[in-house]
Amino acid sequence: MTTSPYGVQTAARSTAVAARATDLSKVYGQGETRVVALDAVSVEFRQAEFTAIMGPSGSGKSTLMHCMAGLDTVSGGSARIGDTELTSLNDKKLTRLRRDKIGFIFQAFNLLPTLTALENITLPMDIAGRKPDRQWLDMVVETVGLSGRLKHRPNQLSGGQQQRVAVARALAGKPEIMFADEPTGNLDSRSGAEVLGFLRNSVRELGQTVVMVTHDPVAASYADRVVFLADGRIVDEMREPTADAVLDRMKRFDAKGRTS
Ligand SMILES: Nc1ncnc2c1ncn2[C@@H]1O[C@H](COP(=O)(O)OP(=O)(O)OP(=O)(O)O)[C@@H](O)[C@H]1O
Ligand SMILES: [Mg+2]
């Protein structure tokens, strides 16, 4: 095992589980509008691992992220963060767990326009009344390459820089796990590569756990592992993905999102 410049031991990948879904189901609506968005999904996300979630539109990717991050209720089964069963928590405890242990990057950056980059980054901690760990914060800011932009407001930043603020905000509170829903969906390829490189570094060097939804095989190739969803079920998994291998696998989904 080696220690990175950040003091995080990285060489031996942890086998501890950061989050786990067991027979997780989510049903929206009833009668004619009933949709089974997740159909008994079981999946593990290990600590210090970068997982990409892929699958056709409507296959349940965002629903899985929202249920695992405690942003949505589940209809059946279990969703755990570390040892904590989310379905057993009341609203107050769930809010606290989200705040303390989970980072979420939304596709729309959700930055507050009147706050500077730095104020946006520390906002969740400010709301929680927590003092940021200065050393960690400096390191996150430097790693995302925002050191020279901390006093800028979102409209003074490029799209890629805004997304990096959103990434830094999700990381600033040292979450145990970070969920990112198409974090590069509306970035140009260079900004996208910056954000993906940073997410990968946060796993390799900071020991973070990242789960990322993406439609882009190149983005998926930054991950250690790709999990494929179709019709609310996990249909395949790939380790050490390459963009070509992911693209080939995606082609086997038919027009209705089913797998062959
Ligand atoms: N609030 C909701 N009410 C009713 N149905 C919903 C709701 N949210 C999602 N669904 C349905 O659940 C299914 C899964 O949706 P989800 O958003 O998880 O898909 P996705 O894989 O993220 O798709 P995309 O790639 O288009 O973002 C879809 O059929 C969708 O219509
Ligand atoms: Mg989605």
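How do the residues of the lining of the largest pocket divide into nonpolar, polar and charged? In this predicted model, in which local features need pLDDT of at least 70, side-chain atom pairs count only at pLDDT 80 or more and totals for chains, interfaces and linings use all residues, the lining comprises 15 nonpolar, four polar and five charged residues (Ala, Val, Leu, Ile, Met, Phe, Trp, Tyr, Cys and Pro count as nonpolar, Asp, Glu, Lys and Arg as charged, and the others, Gly among them, as polar). Residues are numbered from 1 along each chain as its sequence is written, chains are lettered from A and ligands numbered from 1 in the order in which they are written, and side-chain values use heavy atoms, with hydrogens and water left out.

The protein chain contains eight helices and 10 strands, assigned as DSSP runs (H or I, at least four residues, for helices; E, at least two, for strands) and numbered from the N terminus. Its radius of gyration is 18 Å, close to the 18 Å that the globule rule gives for 260 residues, so the chain is as compact as a globular protein of that length; the radius is taken over C-alpha atoms, and the rule is 2.2 Å times the number of residues to the power 0.38.

The largest pocket holds about 580 Å³ of space and is lined by 24 residues, with Arg-98, Arg-99, Ile-102, Phe-104 and Pro-124 nearest its centre. Two or more lining residues come from each of helix H2 (91–101), strand S6 (102–105), helix H3 (117–128) and helix H5 (159–172), and H3 gives the most, with six. A pocket is here an open set of points on a 1 Å grid over the protein atoms alone where a 1.4 Å probe fits, with protein on both sides within 12 Å along at least five of seven lines, and lining residues have an atom within 4 Å of a point.

Around ligand 1 lie 13 residues, of which Ser-57, Gly-58, Lys-61, Thr-63 and His-215 come nearest (a heavy atom within 4 Å). Oxygen atoms of ligand 1 lie 2.6 Å from a polar side-chain atom of Ser-57, 3.2 Å from a polar backbone atom of Ser-59 and 2.7 Å from a side-chain N or O atom of Lys-61. The shell has four nonpolar, seven polar and two charged residues, and its largest share, three residues, comes from H1.

Conventions. Grid points are joined across faces, edges and corners, and a volume is the space filled by probe spheres set on the points. A polar contact is a pair of N or O atoms within 3.5 Å; within protein, one must be able to donate a hydrogen and the other to accept it, and residues adjacent in sequence count only if both atoms are side-chain atoms.
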